[in-house]
Amino acid sequence: MSRRHHAAAVLLCLVPVGACGDDAAAPVDVTSGRMTARISSSPAQITLLVDGTEVWKTNAGEGKGADKHQAPHGFAAIGSRAADIEMSFGSFKITEKPEAEVWRPIGELGDVTPTDTGATFTLLAGGDLVGTGTLTFVTSTKSGPDPGSAGFPRHVRIELVTASQRISLATPCPPDEHLVGLGGQSFDVDHRGEKVPLFVQEDGIGKFDDPDDTYAGLWFLTGRKHSTHTPMPMVVSSRGYAVAVDTNSRAVFALGNDEHPEAARYEAQEGTLDLQVFVGHEGGQAAGSSDAGEALGHMVAWTGKVARPPLSIFAPWVDAIYGSANVRRVAAKLRAQGIPASAIWTEDWRGGGDTSTGYALDEDWRVDRVLYPDLEALASELHGQGFAFLTYHNTFIDDKSDVLAEATAGGYAIKDATGAPYNFTGITFGGSKLLDLSNPAAVTWAKGVMGAAITQGSDGWMADFAEWQPTDAVLASGEDAFEVHNRYPVDWAKFNAELLKPIAGRPDPMFFMRSAWLHSQRYAQILWPGDQQTDFSDGDGLPSVIPMGINLGLAGFPYFGSDIAGYMSQGTTPTSEELYYRWVSFGAFNPVMRTHHGRSARQNWQWEQDAASTAHLRRYARLHMQLAAYLWGSAGSFERDGLPLIRMIALAYPDEAWAWTAIDEFLLGDRLLVAPVQAAGASARKVTLPAGRWFPLLSGAPTSGGEITASAARTEIPVYIPEGALLVLYPDGIDTPLPAPALGSAVVAGTAREVWLYSGTAANPAHTQWNDHDGPAGAAQWTWTGRPAAAGAPATATFNGAAVTVTSNGEWTAVTVTGDGMLVFPGGGTLTIARGTSAQTIVRLRS
């Protein structure tokens, strides 16, 4: 199993405690700066302390369960692994056998020996030696404020190595603790009280809120509560720490559920438990962060961060299918209608057609010259109009695909036990094979075939699937397919990241994925939450997107957006007009705003349905294009502090208890609170705001924190910003951030900005500053002092001492200035611009 760690030797103070007593039972303190790891032999326990104060610990001793079939909740335990596993359509039915549910507790540690970087010890079960352990202080690679200068490492690795097939470690789980994250979970963000199996697989079509994840009915089609493309063995605690289990095998997190209500148990179904613990601290946090946010930042630094994607991902993307002529028509209409877009994505470039279950893609790997006879010319034209051109790929080798013969002859598919290509029923309901990403020759061949699309003009694609690798496959690497099943999407992400490199004179590459596992973070450029139902259902419809976005952000995936307006209509109705309107406005306040025709492409309500629907997309696409400047700057907070763009409100407001469980509102960046309407037929919803005074973003009177009722017609979305804040945007009317040499009329994003200022005094000073590239994480280029709420709308203003023209509509006051300087409003309020440019700035003040 591949493991990635950045460990560094640190100066240790080795303090055996109670040296005059019974050394065998005395704890051993191993210290690095202000951090101490206290290792107790009998009963076995590890405690982490900062300045003598406990910040994290394991449970102690054996902590046996009610019987041998219940996992112990003491320090650790080992067991065997035996299960019947069925795979169908990318879903996995795992039925544990009774002999696999026999646990043996590890109650004591032996031979605790300090080392230069921590300590080593042995694992004892009933007096028998069953394994070894290592504790290592790891230097954090987080680049935010005070990553290590507070005097202690923020990352401790605890590795328990045994010859077993599963291993578990337990920690206390108090009733008031919140445990958030775990990747693409679609019902909850706080998973305390649940037992969550973590195994990459299809989400399913429709999901049910059954905490026991019962397999029922057509289990291979219907999702269970915790089935997901993007499970992550990572959790963040409201107590200011984070935990990750570094494994590619199946993991189980039992977090204070009925099994042991006051214990959290972390299990890997292999012989090694590689536990990573990350600790926040008081003082020195990133602006608007918390101890939990600090711990998250250190965890995300450890996983690795994807390079910042191009600005074009933050502008709208629009899908276009049905052949070259229709793609050209859509592109021309977007520009003619003033609907901004940076990308046209065409997933049927390799073929597609209408079927009894909707519009389905062909499973070829190469261009369909019937639908797209002039793909190269089409791509060139789109580039000239300021669009990137995106296509589609997956790793299935369908029995009817154009690469079957060469893939089979080359031995590029995974094998079965006989050595033949592993065959299963694929997405076309016929036979299919799967590319063996553990085979270097197969990877080289596949890059050659898929890379041809780049030569033909593709600037990236949807990198689909990656959940289906069977657990009983024979891999070229010789690895156990069960133990590396979860790594398949990591390898697929790496494949795409290596293949898609910038090309001079072309839009920078973009790719988006729906599947991921631990360590995908450094490769996967963009995630989308999969094939949501075209409805308002919990778990798999529109309401599922926010919890998935929050949970994935807590796992280090900052760039996220969903299919607008849903994809799958099986078992439900095609996209309605109401759903379309709600999803478009919501999508505008995601990092990535991307339309999708959906499986029921001919029946789904789309932006071209009527003039009003086109106008609705135009309005919110233009707003999203303006927000691209804010989103680009917000990426700086992720790069420095590990804070995602779709952000759990509790990371910024940890004292707001409700914010640890909220699944229907979130922060976009550090200062926009987004609370979309997600219920059919609703024209209002309850919104909870943190303490302080908040403005509705676009219009309306400010309101105080707490629960309010927000009215929102189907064309509107409740979004709020704290008083005293500033918001740096692009000016309205930009068509694209990409060059558009073929369109002289196209407005391309440049250095001009539009800045919205809000009266009042900001509770968080970070909300009063901004840096174009790094947002609140960079040196301030924009600074707003705030303006007394009682001062009202100003009638005059000066810029660098000279009077400027002021206009007002009673709610917004507008001023246009050029270059750097100080804009001063009488009665209070100064905006300082220090960008080093002569660009124009449109300033709008909300009084």
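At what angle do helix 8 and helix 9 pack, and how far apart are their axes? The tour starts there. This is a predicted model, in which local features need pLDDT of at least 70 and side-chain atom pairs count only at pLDDT 80 or more, while totals for chains, interfaces and linings use all residues. Residues are numbered from 1 along each chain as its sequence is written, and side-chain values use heavy atoms, with hydrogens and water left out.

**Stop 1: helices 8 and 9**

Select 577-587 for helix 8 and 611-641 for helix 9. Helices (H or I, at least four residues) and strands (E, at least two) are DSSP runs, numbered from the N terminus. The two helices pack at an angle of about 15°, with axes 9 Å apart; axes are lines fitted to C-alpha atoms, for helices over the stretch in contact, and angles run from 0 to 180 degrees between N-to-C directions. Helix 8 is therefore roughly parallel to helix 9 (angles under 35 degrees count as roughly parallel, over 145 as roughly antiparallel, 65 to 115 as roughly perpendicular and the rest as oblique). The crossing of helix 8 with helix 9 is right-handed, meaning that the near helix is turned clockwise from the far one by less than a right angle, with anticlockwise being left-handed.

Now show the side chains in contact (heavy atoms within 4.5 Å). Helix 8 contributes Tyr580, Tyr581, Val584, Ser585 and Gly587, and helix 9 contributes Ala612, Ser613, His616, Leu617, Tyr620 and His624. By class, the contact of helix 8 with helix 9 holds six nonpolar, five polar and no charged residues. Here Ala, Val, Leu, Ile, Met, Phe, Trp, Tyr, Cys and Pro count as nonpolar, Asp, Glu, Lys and Arg as charged, and the others, Gly among them, as polar.

**Stop 2: helix 7**

Next select 545-553, which is helix 7. Nine of its nine residues are buried, so helix 7 is largely enclosed by the rest of the structure; buried means under 20% relative accessible area, exposed over 50%, and partly exposed in between (1.4 Å probe, protein chains only). Among the partners of these buried residues are helix 8, strand 15 (179-183) and strand 36 (666-668).

**Stop 3: helices 5 and 6**

Move to 440-455 and 488-499, helix 5 and helix 6, which pack at about 50° with axes 11 Å apart. They are therefore oblique to each other. From helix 5, Val443, Ala446, Lys447, Met450, Gly451 and Ile454 make the contact; from helix 6, Trp492, Phe495, Glu498 and Leu499 do. These divide into seven nonpolar, one polar and two charged residues.

**Stop 4**

Strand 27 pairs with strand 29 (residues 431-434) over three bridges, and Ile397 has Lys433 as its bridge partner in strand 29.

**Stop 4: two single residues**

Select Thr471, in the loop between strand 30 (460-463) and helix 6. Thr471 counts as buried at 14% relative accessibility. Beyond its neighbours within four places in sequence, its contacts include Ile85, Phe92 and Phe199.

Finish at Ile842 in strand 51 (residues 840-846), buried with a relative accessible area of 17%. The C-alpha atoms of Ile842 and Thr816 are separated by 4.5 Å, although these residues are 26 apart along the chain. Not counting residues up to four places away in sequence, Ile842 also touches Pro731, Arg753, Glu754, Val755 and Val815, among others.

Key
Two strands pair if DSSP finds at least two bridges between them.
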